[in-house]
Amino acid sequence: MRSKAFYSNVFSLPLALENLKRFWAIGTVGLLIYLLSGAFPLVLSYDRIRPYMIETMLSNHNPGYMAAHLFLAISAAVAVFRYLQNTGSAGVMHAMPFSRKSLYLSSYASGLTLAYLPAFINGLVLLVLKTPVYQTVYVDNLPIQTDIYTAANVLGWMAEVLVIITFVYSIGVFAGMVTGSMVLHALTALGFNFLLTALYATFLGYSEIYFFGFTYNRLISDITLKLSPYTYVFQAEGDLRASAWPMYMVAAVLIAAGTYFIYKKRPLEKATESTVFRFMEHFLSFLIVFFGSSLTGMVFYENDYGYAGYVLGGILGFLVGQMIVKKTLKIFDLENLKTFVVFAGIMAVVIVGFNKDALGYERRIPQLGSVETVTIDSYDLMQGNRPLVFQETENVRALTDFHQFVIDRRETYRAHQGFGFGMTLTYDLDSGNQISRRYHLPYEAVMESESLRRLYESDEADKPAELLSQLQMADTEIVLFSGNNYESEQLTMHYSDDVLSNSAKRLLLDALSRDLKEMTFRQLVSGRAAILQLQIQHRTEAGGKTADAASETYPYMTGKEDSNYRYEFFGYGITAEYEHTLRWITENGYEHLLTATGTGDFAVIRRNCEAEEEEGITRPADYDRFTSVDVKHQSEPGSLVLEDPEAIMMLIRDHAYRDLRHFPAEEDALCLTVYHRSEDKGYGMFEATMRYYLNEADLPEGIRAEADRYLSE
Amino acid sequence: MIQVTELSKCFDGFSALSGLNVHVETGSIYGLIGVNGSGKTTLIKHLTGVYMPDAGQVTFDGEDIYENTVLKERLGYIPDDLYFFNSYSIRDMASFYRKIYPAWNEQRYRDMLREFGLPAVRKISKFSKGMQKQAAFILVMSTMPDYLILDEPIDGLDPLIRKRVWRYVVSDVAERQMTVLVSSHNLREMEGICDSIGILSEGRMMIERDLEELKTDIHKIQVAFKEEKERPLSNLNILHREKRGSVELLIVRNAGNLVKSELEKEDPAILDMLPLSLEEIFIYEMGGENSEIQSILF
C-alpha cells in the first residue's frame with residue numbers, strides 16, 4: 001500500500017477534514033450570528049430595504065458581523081490547537097503519522113476554513129438576496145441613484161472579512177503556541193489582538209493625566225488602529241481599506257510563519273501549564289501588573305488619592321497574575337518576591353517618568369531653524385474655521401516665545417480649569433516630524449500676550465482673509481443666519497446666481513476680507529457677541545478622485561453631496577467690529593437679519609446665569625468672580641424683560657459678549673437671554689434662542705436704571 | 001530493532017534522562033521497568049517521536065523516529081493518559097485511523113471489536129477506564145503496527161482482558177515480527193511476557209538483560225558440604241552467599257552444567273537447584289538483597 005506520509009509531511013487532508021467535522025458547531029453558531037444580524041432582518045424588510053442597512057453590513061460596521069468575526073477567529077484557533085494544551089492529546093497527536101509541519105498546517109488551514117466558511121456562506125446568501133437598493137448621490141449637481149447592494153460590493157465584503165478573520169485568527173493561533181492551557185489561550189488570543197490598542201490607550205491615559213500640553217496625536221492613533229484590520233474598519237472607508245488588504249494578508253502570513261517556527265520549538269511537556277516558554281510567564285504576568293496598576297492608579301489619581309491606586313493595583317495585579325501564570329495559590333516565596341521587586345521597579349520608572357516628564361515632553365520646543373511651519377488652532381481665535389499657519393522666521397520666533405512663556409508658567413497653568421482659551425500649537429519640522437501641544441490657558445495669558453498680538457497682526461495672519469478673494473464665486477455658497485431670530489438668508493442656491501449675482505457675492509467677500517484684515521488682536525479676543533453668522537461653502541473638483549474622509553463636507557448647506565467635489569467650509573461670527581460686512585448687509589437688503597424684530601421677540605435680563613445651570617451646563621470654577629447675586633427664576637422679581645427690538649439689538653450689538661468666558665473680569669455679569677415667542681405653542685410659551693452676557697458697568701443708563709429698579713424689588 | 005543511544009533530556013534544569021541506552025531486538029518484547037518518575041514515560045515519548053532529544057538518538061531500524069512520518073505509520077502507541085477526539089465513538093476514531101494508517105486492517109478491527117465486545121457507536125468518553133484502554137488497543141492493533149509502544153497497558157484491565165491483550169501482542173510478535181516495548185512499574189507483571197527487561201531509575205538504565213539468557217545463567221542453589229572447605233567453589237561466579245547453619249544458599253552466575261559439575265566435585269551432602277523469580281534474579285544481579293533495586297521495584 002502506498003505510504004500516506006507523502007503528504008503527511010506537509011499537509012494532512014484527513015486531519016483537516018476531521019477538524020471541520022469535529023468543530024462544525026463553531027461554524028454553525030457563527031453563521032447564525034451572521035444571518036440573524038444581516039440576512040434575517042433584510043428578508044423581514046425586503047420590500048423596503050433602507051440603504052443604511054446595506055451600507056452598515058457591507059462596510060463591516062454591523063456589530064453582529066464584527067462580533068461574529070471575532071468569535072469565529074478566536075474560537076476556531078482555540079479549538080483546532082486545543083490538542084496542544086493537554087499532555088495526553090499532545091502525545092497522541094504527535095505520535096500519529098504527522099510531522100509538526102503537517103499538524104500545524106493542517107490545523108491552521110482547517111481552523112481558518114472553519115472560521116471563514118460561515119462568512120462565505122453568509123456572502124452567498126447576501127448574493128442570493130441581492131436586490132437593487134438605491135442611495136442618492138449628486139454628480140455635477142444632478143441627483144443620481146446608485147445601487148449599493150451589488151454583487152461587487154458583496155464580494156468586496158467577503159474579501160474584507162477573509163482579511164480580517166485571517167489576521168485575527170493568525171494572532172489567535174500564535175497565542176495558543178505560547179500558552180499551555182485552553183483558558184489562557186482564549187484569553188491571550190483575544191488580548192493579543194487588542195494589545196497594542198490597549199497599550200496605546202493606557203499611554204494616552206498617562207499622557208493626559210501627567211503631560212501639560214498633551215494632545216491626542218491623530219497620526220499615532222491612526223497607526224495604532226491600522227495595526228489590525230479589525231480596528232481599521234472603524235477608522236477608514238471602502239477603497240482606503242481595500243488597498244491595505246494585501247498588507248494585512250502578508251502580515252498574517254508572516255505571523256503564521258513565525259508561529260510555525262515557535263511550534264517547532266514548543267516543548268510539548270509544558271502542556272497544561274499556563275505558558276510554555278519562560279519569557280511568556282514574565283511577559284503575561286507583567287502585562288497584568290501593568291494594566292492593573294495603570295487603570296487602578298489613574299482612577300485613584302484622578303480622585304486625588306495620589307499614588308495609592310498604582311500601588312494597590314500593582315500588588316493585586318501581581319498576585320492575580322502570578323496565580324494565573326503559575327496556576328497555584330502558593331505564590332508567596334522568595335523568587336516571586338524578587339520578581340515583584342523588579343516589576344515594581346519598572347512600574348515606578350514608568351509612573352515617575354511620566355509624572356516628572358523624564359523625556360522632556362512638556363518642555364520641548366523645537367529649534368527655530370528646524371521649524372518649517374507652525375499652526376495655531378484655536379476655536380476662540382479662528383477666522384473662518386481656519387487655523388493660522390506661520391512660516392516667517394519672525395512669526396515662528398514670536399510663537400516659540402509665547403510657547404516658552406506658557407511652559408515657564410506650566411505649574412500655574414496646569415491646574416487652570418476656569419475661563420480661558422483652548423489652543424493647539426503644531427510645529428511641522430523639516431525632518432518631516434510634527435510636534436503638537438494643546439493648552440487651556442487663562443484668558444489674561446492670551447489677551448495680554450504681546451507675542452500673540454504680533455503674530456495675529458502680522459501679514460501672515462491675513463492669509464485666511466486673502467483666501468476669500470481667491471474663491472471662485474461660481475463654486476461658492478453663502479448663507480447668513482441671524483443670531484437673534486430664526487431668520488436666515490441663503491444667498492446662493494446650488495451654486496447658481498439666481499438669488500445673488502456673482503459680482504455682489506464678490507463684494508460681500510471683499511468686505512469680509514477687509515474686516516478680517518483690519519481687525520486688531522484685542523478685537524479678535526474680545527469675545528463680543530456675534531450679531532449674525534456668515535457661512536461659506538466652497539467646492540473644488542476632486543480631480544477624478546472620490547472625496548475621501550479627509551475632505552470636509554458640509555452637505556447640510558446644500559442638502560446634497562457630490563462625490564466629484566471636495567468641499568471646504570468657512571464660518572464667521574459677525575460682530576459689531578465687521579463694519580464693511582455689516583454695511584454690505586444693510587445696503588443689500590438683508591438688514592432685517594440685524595434686528596430683533598421677529599414676532600414676539602423679547603429679551604430677559606437677569607443678574608446671573610441660572611438658566612445655564614438649569615440646562616445642565618456646569619458652572620465654571622471661577623464663576624463667583626463674575627457674579628455675586630443669587631440665582632433667580634425668570635418669573636421671579638429680578639428679571640428685567642425687554643420687548644423693544646431696538647433696545648434688545650442695541651444691547652446685543654454694543655454690550656454683549658458671546659459667553660461668560662470672555663467677560664471682563666472686573667464687573668458682575670448680567671445674563672441676557674433672547675426668547676422667541678412661538679405662536680404655535682400658544683400664548684406664553686417661549687423658546688430661548690440665544691444667550692449673551694452684558695457688562696453691567698458698560699450698560700446704557702436707561703437699562704442700568706431699569707435693572708437696578710427690578711433688582712431692588 | 002529499536003535503538004536508543006546516549007539519550008538525554010532535561011526539563012527546566014531537571015535531568016529526566018541521562019545518557020540512556022536501550023536496545024530492543026526486532027520481533028521481541030521489551031519490558032521497561034521503573035517506579036513513577038523514573039523516566040519511563042519520557043523515554044516513551046522519545047520513542048514515539050513526541051519529544052525531541054536534547055542529546056542522543058532514537059532510531060528504528062536505523063532511522064530517526066523524530067518527525068519521521070513514514071516510520072510513524074508503522075508505529076502503534078497506547079499511552080497511559082489516553083486521548084480520543086471529543087464525543088467520538090470507536091467507529092468514528094476507526095474511520096479517522098483508517099485514513100491515516102496505510103496498513104489499517106478492517107477485518108482485524110471487526111474481529112477485535114466483536115471479541116472485546118465493545119459498542120462501536122457509543123461515545124468513548126462514556127466508557128470506563130478499562131473499556132477505553134481496550135478501545136485504544138483495538139484501534140492501535142488494527143493499524144497492524146511493526147512497532148508497538150505500550151505505556152502501562154494493563155492497568156485497569158481485568159485478568160481475562162489482560163490475557164486477551166497479551167495474546168494479540170504475542171501473536172503479532174510471533175507472526176509478523178512486531179517489536180514491542182512495554183513499560184510497567186511492576187516487574188512481576190513483565191515476567192512471562194518479556195524477552196528482555198530494562199530497569200530505569202532516575203533517568204538512567206540500571207540494568208538491561210535478555211531474560212532467557214538471564215534465567216539460564218543465574219542459579220539459586222541450596223547446598224551443604226560434609227566438611228568445611230578452605231576456598232570452596234572458587235571456579236564459580238558467586239553473586240550471593242548466605243549460610244544458614246550447615247546449609248549454604250548460593251546465587252551463582254555460570255552455565256548450568258558447569259555449576260552442577262563444580263558442586264558435585266565437592267561431594268555435597270545436600271544439593272538442590274532452586275527456581276529463581278525474576279525479582280530475585282534482578283536483586284542479585286544488582287548486588288544482593290540490600291540493593292536499591294528492591295526499593296525500586298517491589
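This is a short tour of a two-chain model, stop by stop, for you to follow in your viewer.

The model is predicted, so local features are described only at pLDDT of at least 70 and side-chain atom pairs only at pLDDT 80 or more, while totals for chains, interfaces and linings use all residues. Residues are numbered from 1 along each chain as its sequence is written, and chains are lettered from A, ligands from 1, in the order in which they are written.

**Stop 1: chain A as a whole**

Chain A has 28 helices and 15 strands; here helices (H or I, at least four residues) and strands (E, at least two) are DSSP runs, numbered from the N terminus. Of its 713 residues, 38% are buried. A residue is buried if 20 or more other C-beta atoms lie within 10 Å of its own, exposed if 12 or fewer, and partly exposed in between, with C-beta atoms placed from the backbone.

**Stop 2: a sheet in chain A**

Next, pick out the four strands β8-β7-β9-β10 of chain A, which form an open sheet in that order with antiparallel pairing. β8 (488-490) and β10 (565-574) of chain A are at the edges with a single partner strand each, so one side of each has no neighbour in the sheet. On average, neighbouring strands here are turned by 15° against each other, direction ignored; the axes are lines fitted to C-alpha atoms, for helices over the stretch in contact, and angles run from 0 to 180 degrees between N-to-C directions.

Zoom in on β7 (residues 476-482) of chain A, which is joined to β8(A) by three bridges. Two strands pair if DSSP finds at least two bridges between them. Which residue stands opposite A:L480 in β8(A)? Look for A:E489.

**Stop 3: where the chains meet**

Now show both chains. Here 25 residues of chain A are in contact with 25 residues of chain B, where contact means that C-beta atoms, placed from the backbone, lie within 7 Å. On the chain A side, α1 (5-8), α2 and α6 (87-95) each give two or more residues, and α6(A) has the largest share, with seven residues.

**Stop 4: helix α3 of chain B**

Select residues 90-100 of chain B, which make up helix α3, and highlight its buried residues B:I90, B:A94, B:F96 and B:I100. Look down the axis of α3(B): these residues fall within an arc of 165°, so they line one face of the helix. What do the buried residues of α3(B) pack against? Their partners are α2 (13-22) of chain A, plus α4 (106-116) and α5 (129-142) of chain B.

**Stop 5: a hairpin in chain B**

Move to β9 (residues 196-201) and β10 (residues 204-210) of chain B, antiparallel strands joined by six bridges. B:S196 has B:D210 as its bridge partner in β10(B). The two strands form a hairpin with two residues between them, and B:E202 in the turn has a positive phi of about 50°.

**Stop 6: chain B from end to end**

Finally, colour domain 1 (2-202) and domain 2 (213-297) of chain B separately; such bounds come from an automatic or database domain assignment. Their C-alpha centres lie 37 Å apart. End at B:E266, in the loop between α9 (256-265) and β14 (268-274) of chain B. B:E266 counts as partly exposed because 15 C-beta neighbours lie inside 10 Å.

Notes:
Arc of directions from axis to C-beta. Contact = placed C-beta atoms within 7 Å.
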